[in-house]
Amino acid sequence: MKVLVLGGDGFCGWPASLHLSARGDEVVIVDNFSRRRIDEELGVQSLTPIRSMVERRAAWREVSGRDITVVELDIAQDYHGLLELLATERPDAIIHFAEQRAAPYSMKSARHKRYTIDNNVNATHNVLCAIVDSGQDIHLVHLGTMGVYGYGTAGMAIPEGYLDIQVPTDGGVVETEILYPTNPGSIYHMTKVLDQTLFAYYAKNDELRITDLHQGIIWGTNTRETSLDERLINRFDYDGDYGTVLNRFLMQSAVGYPLTVHGTGGQTRAFIHIQDMVRCVEIALDNPPTAGDRVKIFNQMTETHRVRDLAQLVAKITGACVEMVPDPRKEAFENDLVVRNDNFLALGLNPITLSEGLLREINETAGRYADRADHSRIPATSLWTRNQQAGIPASIAGTK
């Protein structure tokens, strides 16, 4: 199978590209390398040292004997370049990771909100238009987010994308199906909601084959492939904008920083290990919808946890201290979350769940590169509204 991986230089795109290449797919990475430029903008770098794409490709060729093609292209801005690429490569499938992925970054300022909307929505719509214009039968797999559903307490298990409802009419009750009502909590999450609506339209109007993966928060940093050679190592973001919560806790403990729990820590979230993420992408590729079907939606998660419980678990394992800090986000301090993920389980996913061994392994990785950490970039300081406060621990603020 020939696969275009849009955003293949990123946190999810890179390990997914290697995983698919390892199984024998012909992989073409398409990226504008904006994530590396955002590092420069924020004045922070991955805790793990990320090599240039030239070095990454060479290392993969050495350890696997396989080549990955790389095309530098901004799909949100260069529509004709994207259309020409499809005509040249004629892929069987496209995996779409090419969106600005951080909710805090999307809320930093009006400029960041506008950039996230412009980049993410344009990228998605350009891909859909280009598939139609190309006249090719290409399966599109998109990395979405559980955040399209929102994080309120629904009182029910969140289904995989669709909700059966009953509508009272003059002629009686009509049973129908709708997309599960959306409730985005940031501009980033809003773009994924807009993506979902675009997918529904193009599946209906143009009979495109589309799979949308509503993903939970990733924990872990490396997969089997990225562990083969240090030059292949994946990103380990720890800063307040791009670091994911569990990875941040493990990094904070490794460098002697308090585990920063926002608000009460009662936010319940869905999680998935990065190795399961690449496996889910593989399963989605191998089980496409047929032309004319509705969008196939998977809840790409394996377990749910309350944030304060994760902090206590990490503290127990590592001896770190936990500190409650203001919540820079506008969100419910407490929520329950029950999620259905039957489709991936039925298709053979054997989930990796939280274990002390894996958490210690990640903590050791963070400790290995602790000298690269900039402690001033650890707190979450991007505010959802003017009424929010930065998540800076009092013990740290008092030392300044």
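**View 1. Helix α1 passes helix α9 in a right-handed crossing, meaning that the near helix is turned clockwise from the far one by less than a right angle.** In this predicted model, local features need pLDDT of at least 70 and side-chain atom pairs count only at pLDDT 80 or more, while totals for chains, interfaces and linings use all residues. Residues are numbered from 1 along each chain as its sequence is written, and side-chain values use heavy atoms, without hydrogens and water. The axes of α1 (residues 13–22) and α9 come within 9 Å and cross at roughly 55°, axes being lines fitted to C-alpha atoms, for helices over the stretch in contact, with angles from 0 to 180 degrees between N-to-C directions.

View 2

**View 3. An open sheet of three strands has the order β9-β11-β13, with mixed pairing.** Helices (H or I, at least four residues) and strands (E, at least two) are DSSP runs, numbered from the N terminus, and two strands pair if DSSP finds at least two bridges between them. The edge strands, β9 (217–219) and β13 (303–306), each pair on one side only.

**View 4. Strand β11 (residues 268–273) pairs with β13 in the antiparallel sense over four bridges.** Phe271 has Glu303 in β13 as its bridge partner.
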